[in-house]
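Try each one yourself before reading the solution.

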Amino acid sequence: MQRCMEVLAVVLAAAIASGAMPQAAAQDPWDDALGRIVSYEYGQSRAPLTAVADLCRATAESPAERSKLAADLAALLDSDATLAAKQFVCRQLALIGSEENVPALAALLL
């Protein structure tokens with residue numbers, strides 16, 4: 001948990017310093033990071049994707065946080081997120097997802 005928070009703080013500081021994230025959005029970094037990937041299209045900056053991938057890595061030591069992040073990612077699959085965003089989410093779920101996330105992935109097969 002502590003390691004997750006340290007990594008998240010570093011990611012947020014870098015995003016704010018680079019101007020990729022306004023300071024007001026830093027109040028809820030998890031939701032902001034997920035919200036920024038919804039409109040991702042190929043050819044755009046991968047900074048939002050990198051922030052989410054960093055969050056996925058940061059949850060490695062906290063099964064509860066990893067499960068929540070996976071559930072939040074799976075929820076994006078049933079949204080108006082772009083195809084590129086959904087493909088990214090699927091790749092992240094392949095790394096951190098569990099059997100609980102299978103229904104969200106299976107729905108894409110229809």
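Buried means under 20% relative accessible area, exposed means over 50%, and partly exposed is anything in between. Keep in mind that this is a predicted model.

**Exercise 1.** Work out whether Asp-54 is buried or exposed.

*Solution.* Start with the value: Asp-54 has 19% relative accessibility. Now hold that against the cut-off: buried is under 20%. So Asp-54 counts as buried.

**Exercise 2.** Find the salt-bridge partner of Asp-54 and describe how the pair sits in the chain.

*Solution.* First, the partner: Asp-54 meets Arg-57 in a salt bridge, at 2.3 Å from N to O. Next, the location: both belong to helix 3 (residues 47–58), and because they are three residues apart there, about one helical turn separates them. As for the pairing itself, side chains of opposite charge can pair when their charged atoms come close.

**Exercise 3.** How many salt bridges does a search of the whole structure find? Describe the one formed by Lys-68.

*Solution.* The search turns up two. Lys-68 pairs with Asp-72, and their closest N and O atoms are 2.8 Å apart. These two residues lie four apart in helix 4 (residues 63–76), so they are about one helical turn from each other. Lys-68 is partly exposed, at 46% relative accessibility.

**Exercise 4.** Place Asp-32 in the fold.

*Solution.* Asp-32 is in helix 2 (residues 29–37). With 18% relative accessible area, Asp-32 is buried. Its C-alpha atom is 9.2 Å from that of Pro-48, 16 residues away along the chain.

How values were computed. Residues are numbered from 1 along each chain as its sequence is written. This is a predicted model: local features need pLDDT of at least 70, side-chain atom pairs count only at pLDDT 80 or more; totals for chains, interfaces and linings use all residues. Side-chain values use heavy atoms; hydrogens and water are left out. Buried means under 20% relative accessible area, exposed over 50%, partly exposed in between (1.4 Å probe, protein chains only). A salt bridge is a side-chain nitrogen of Lys or Arg within 4 Å of a carboxyl oxygen of Asp or Glu.
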